[in-house]
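Walk me through this structure, one region at a time.

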Amino acid sequence: MKKQFPENFWWGAATSGPQSEGRFNKQHASVFDHWYEVEPEAFYDQVGPDTASNFYNSFKEDIALMKEVGLNSVRTSIQWSRLIDDFETASLNPDGVRFYNDLIDEFIRQGIRPVINLHHFDIPVALYQQYGGWESKHVVTLFVKFAEQCFNLFGDRVTDWFTFNEPMVVVDGQYLYQFHYPKLVDGKKAVQVAYNIQLASAKTIQAFRRIKQQPASRIGIILNLTPSYPATNEAADLKAAEIANLWMNQLFMDPSTKGTFPPALVELLAADGVLWDSTPEELAIIKDNTIDVLGVNFYHPHRVQQPAVSADSLAVDWMPSRYFEEYHMPGRRMNVDKGWEIYPQALYDIALNIRDNYGNLPWFVSENGMGVSREERFLNQAGVIEDDYRIQFIQEHLYWLEKGISEGSNCFGYHLWTPLDCWSWGNAYRNRYGLIATNIHTQVKTIKKSGHWFAKTAQANQVEI
Ligand code: BGP
């Protein structure tokens, strides 16, 4: 069976500055650089972000490989800590300016559309230490200054911009579930951070519209949407799924697209005494500065049920998981290496949800992928990793995506996570996602079987299943 994709479809892949570039000439540190310095044992095999995939030095050759695997667009991010010298004034670091200029020029020279994101979990650690990072509205102001520098410097060549990648992960990882530095558990702060990031996104969009250099340029946000399916059709499980969707998906999706936070979530947070501090002026900025385009990161769905312990009986700090807990559905398909369920049909559900409930706005899959450990197990005699599981994973997701598009959802692209195996937060290099393998000792890069397959698929603009 062959499934054809729309004309000018984005066949691409995504990475981020902190996960691919390496340490530059030791400029400012991001929270991840700092975390590795103070707690290297928190990272798999104690591998930190210092070298990553060495993209800072080898980007020209790496982009040539990206071209070879058929990518017509690639997302990466500009690191705030590398571009800016003084965060208060947003004065520029010349090495950062040179690198990002060269990088963008090289993408264009090799015929790949650069898609630029401004925040991929990598707030400069100095801003965390001085102001509490996203807890502070002053940091919101500083972020907009950084973003303005980016629009002024690169907006003559970059037309596709994104404010934040997966803001929910900052909230969850740093403030609730302790998987990102500084691993706090503070529900009140978590809620304020969510609001401040949404405000920063809206203010950045406002600045973008004021200074954008090309009429066709557009801006959006990248959200990890995880559809939450109830364990049963009983009222308590349906309620759990409704609240899970409000918190995990609609918290950023609604204000980013419609300009307002979901009233049911606001009521719940207010009733629990954790609602954010906001002003009418800020809410007006959020209302007036919604996105042009949406990026959706999709890896796995959530299955939820009512929690075993009722919300009222908990005396501990506020947590969204008072209202829902994970349901381990018997028989679900799993990627055991990563511990995530594989459920490609959710991409179809997302496509129809955007079509029906979000004004059918233009969107693309900005991340989707399969992380597998010890891929050298699958090396063939020619030295190529035979990652058929990845090909199947992509095929199945493309199948459901195309079904959504053929039923009218306005999706214009698919970006795989990731072009070259890259460093990843706590997981470092444990799970590999790339179309191209990176040997982290020699930095030799080799196209995997999935890379050759992806090139053919992109070239044909169709997937064969
Ligand atoms: C997303 C992030 C990516 C990437 C991916 C894979 O949440 O946006 O940066 O890391 O997840 O997850 P991991 O690397 O933890 O396996």
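Is Lys183 buried, partly exposed or exposed? Lys183 is partly exposed, because 15 other C-beta atoms lie within 10 Å. The scale is as follows: a residue is buried with 20 or more other C-beta atoms within 10 Å of its own, exposed with 12 or fewer, and partly exposed in between, with C-beta atoms placed from the backbone.

Two points on the source come before the rest. Residues are numbered from 1 along each chain as its sequence is written. The model is predicted: local features need pLDDT of at least 70, side-chain atom pairs count only at pLDDT 80 or more, and totals for chains, interfaces and linings use all residues.

Back to the backbone around Lys183. Phi of Lys183 is near 55°, a positive value in a residue other than glycine. Lys183 sits in the loop between H8 and H9. Helices (H or I, at least four residues) and strands (E, at least two) are DSSP runs, numbered from the N terminus. Helix H8 spans 167-175 and helix H9 spans 187-211, and the loop between them also holds Pro182. The peptide bond from Tyr181 to Pro182 is cis, with omega near 5°.

Asn461 counts as partly exposed because 13 other C-beta atoms lie within 10 Å. The peptide bond from Trp417 to Thr418 is cis, with omega near 25°. Thr418 is in the loop between strand E17 (411-417) and strand E18 (431-432).

Now the sheet. Strands of a sheet pair through backbone hydrogen bonds, either parallel or antiparallel. Here 3 strands form an open sheet in the order E9-E11-E12, with mixed pairing. Strands E9 (228-230) and E12 (325-326) are the edges, and each pairs on one side only. Two strands count as paired if DSSP finds at least two bridges between them. E9 and E11 run parallel and are joined by 3 bridges. Strand E11 (residues 302-305) and E12 run antiparallel, joined by 2 bridges. Val304 has Glu326 in E12 as its bridge partner, and Gln305 stands opposite Glu325 in E12.

What covers E11? Both faces of E11 are covered. His302 and Val304 on one side, and Arg303 and Gln305 on the other, are all buried. Helix H10 (residues 235-257) lies across E9 and E11 and runs at about 175° to E9. Axes are lines fitted to C-alpha atoms, for helices over the stretch in contact, and angles run from 0 to 180 degrees between N-to-C directions.

Next, a helix pair. Helix H14 (residues 388-406) packs with H15 at an angle of about 35°, their axes 8 Å apart. Asp388, Arg390 and Ile391 in H14 meet Lys449, Ser450 and Trp453 in H15. By class, this contact has 2 nonpolar, 1 polar and 3 charged residues. Contact requires C-beta atoms, placed from the backbone, within 7 Å. Ala, Val, Leu, Ile, Met, Phe, Trp, Tyr, Cys and Pro count as nonpolar, Asp, Glu, Lys and Arg as charged, and the others, Gly among them, as polar.

Last, the ligand. Of the 15 residues around the ligand, Glu166, Gly371, Ser424, Asn427 and Asn431 come nearest. A residue is near a molecule if its C-beta atom, placed from the backbone, lies within 6 Å of it. The shell divides into 3 nonpolar, 9 polar and 3 charged residues.

Notes. Contact = placed C-beta atoms within 7 Å.
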